[in-house]
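Hello,

Here is the structure I promised to pass on to you. Please have a look at it first, and then read on for what turned up.

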Amino acid sequence: MSEKTRVAILISGRGSNMAALIAAAKEKDYPAEIALVVSNRPEAEGLKTAQARGIQTAVLDHKQAGSREAFDGALHQLLVQQNIQLICLAGFMRLLTPGFVMSWEGRIINIHPSLLPAFKGIDAHAQTLAAGVKITGCTVHIVEPEMDSGPILAQAAVPVLPGDTEETLAARVLQAEHRLYPMALWLYLTGQAFPSDETDMLISA
Ligand code: GRF
């Protein structure tokens, strides 16, 4: 049996963070293997990227699912079938039900393009510019049922520059995301993200 943690990445679109995780996991000593990429949108660009890198993909179209519970039920079944141990959300644009999150407690992580707890939600960069802050960044955190909440694993700071638009700021933050997410996953899986060993227990459960 492989010693590497079997990770599924959930996407809805471009999948550039997914690609960064896949690249990191190719390293011999990286503690995770990307075993599966799942998209809730059949047209997600990231699916092609994953396939081109030889990663197994699956589509669970939320429009066909009926209800949120049915979607999450099908997702749970797929992940269990594939022996997935940890889920990385990477631009996955759906809220997961509290039941799903609780059954994967401590085993779902997410990246958000702000320094949480500031600027939760889908328009983080617009909120950042509206607030006039000079430093923003990105956060990798454990997922709890409430959106963009949960223990923080790692953060990176990024300057907001004069004249920034949502697009220029998003592009700068995205570069930091691509470095942060693989590092945060590594820190978590090697027990270095928290001072206590509480989460190691969750991961190996
Ligand atoms: C990233 O900015 C991520 O932080 C946010 O959605 C975006 C997804 O980009 N949750 P990509 O699909 O990883 O390229």
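Let's begin with two helices: the axes of α1 (residues 16-25) and α6 approach within 9 Å and cross at roughly 45 degrees, which makes α1 oblique to α6. Please keep in mind that this is a predicted model. The crossing of α1 and α6 is right-handed. On the α1 side, the contact is made by Ser16, Asn17, Ala20, Leu21 and Ala24, which meet Leu174, Glu177, His178, Tyr181, Pro182 and Leu185 of α6. By type, the residues of this contact are seven nonpolar, three polar and one charged.

Helix α6 (residues 166-189) also meets α5 (residues 124-131): their axes come within 9 Å and cross at roughly 115 degrees. That makes α5 roughly perpendicular to α6. This crossing of α5 and α6 is right-handed. Here His125, Ala126, Thr128 and Leu129 of α5 touch Glu166, Leu169, Ala170 and Val173 of α6, and the residues involved divide into five nonpolar, two polar and one charged.

Now to the ligand. Which residues are around it? They are Arg14, Gly15, Ser16, Asn17, Gly91, Ile111, His112, Pro113 and Glu177.

The side chain of Arg14 has an N or O atom 2.6 Å from an oxygen atom of the ligand. For Asn17, a backbone N or O atom is 2.9 Å from a ligand oxygen atom. In Ile111, a backbone N or O atom sits 3.3 Å from a nitrogen atom of the ligand.

Best wishes

Note on methods
Residues are numbered from 1 along each chain as its sequence is written. This is a predicted model: local features need pLDDT of at least 70, side-chain atom pairs count only at pLDDT 80 or more; totals for chains, interfaces and linings use all residues. Side-chain values use heavy atoms; hydrogens and water are left out. Axes are lines fitted to C-alpha atoms, for helices over the stretch in contact, and angles run from 0 to 180 degrees between N-to-C directions. Helices (H or I, at least four residues) and strands (E, at least two) are DSSP runs, numbered from the N terminus. Angles under 35 degrees count as roughly parallel, over 145 as roughly antiparallel, 65 to 115 as roughly perpendicular and the rest as oblique. A crossing is left-handed if the near helix is turned anticlockwise from the far one by less than a right angle, and right-handed if clockwise. Contact means heavy atoms within 4.5 Å. Ala, Val, Leu, Ile, Met, Phe, Trp, Tyr, Cys and Pro count as nonpolar, Asp, Glu, Lys and Arg as charged, and the others, Gly among them, as polar. A residue is near a molecule or strand if one of its heavy atoms lies within 4 Å of it. A polar contact is a pair of N or O atoms within 3.5 Å; within protein, one must be able to donate a hydrogen and the other to accept it, and residues adjacent in sequence count only if both atoms are side-chain atoms.
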